[in-house]
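Here are my notes on the model you sent over. Have it open while you read, and we can go through the points together.

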Amino acid sequence: AISGGITHLHGSRYNMQIIFNMCRSNHWRYVQHAIQENPIIALTPMIMVNNISTTVLHQTITSKSDTSCRAEVINTIMQVAP
């Protein structure tokens, strides 16, 4: 249930898990919107299932999903957190 509530996300561990799941599910438009609303999300560490830390920026770069959507997210990150 990804909805308009995304604008209220901040960098808490629970919310970063939601963001991580959106990255893994290739919901890049939702991720982009969340970053536009709260730029700290772009570089806040997220813990993956294997207990390795990652960030939205890292997930965006290393994902194998839609390149154009990911490029838009990267451009947004560069605008809000250069």
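1. First, a term: buried means under 20% relative accessible area, exposed means over 50%, and partly exposed is in between, with a 1.4 Å probe and protein chains only.

2. Some ground rules. This is a predicted model, so local features need pLDDT of at least 70 and side-chain atom pairs count only at pLDDT 80 or more, while totals for chains, interfaces and linings use all residues. Residues are numbered from 1 along each chain as its sequence is written, and side-chain values use heavy atoms, with hydrogens and water left out.

3. Back to Thr54, which sits in strand S2 (residues 53-54); helices (H or I, at least four residues) and strands (E, at least two) are DSSP runs numbered from the N terminus. Its side chain makes a polar contact of 2.9 Å with that of His58. For a polar contact, take a pair of N or O atoms within 3.5 Å; within protein, one must be able to donate a hydrogen and the other to accept it, and residues adjacent in sequence count only if both atoms are side-chain atoms. Beyond neighbours within four places in sequence, Thr54 is in contact (heavy atoms within 4.5 Å) with Phe20, Thr44, Pro45, Met46, Met48 and Gln59.

4. Which residues have the most contacts inside the largest nonpolar core? They are Ile19, Val31, Ile35, Ile41 and Val56, in a core of 17 residues. Helices H1 (13-24), H2 (28-37) and H4 (67-80) each supply at least two of its residues, and H1 gives the largest share, five. Such a core is a set of buried Ala, Val, Leu, Ile, Met, Phe, Trp, Tyr and Cys residues joined through side-chain atoms within 4.5 Å. Val31, leaving aside neighbours within four places in sequence, touches Ile19, Met22, Cys23, Val56 and Val73.

5. Now look along H4. Its buried residues are Cys69, Arg70, Val73, Thr76 and Ile77. They lie on the same side of H4, because they cover an arc of only 115° around the axis, taken from the directions from the helix axis to the C-beta atoms. Thr67 and Gln79 are exposed on the other side of H4. The cover over the buried residues of H4 includes H2 and helix H3 (56-62).

6. Finally, cysteines. Both Cys23, at 3% relative accessibility, and Cys69, at 12%, count as buried. How many disulfides does the whole structure hold? The search finds zero, a disulfide being a pair of cysteine sulfur atoms within 2.5 Å.
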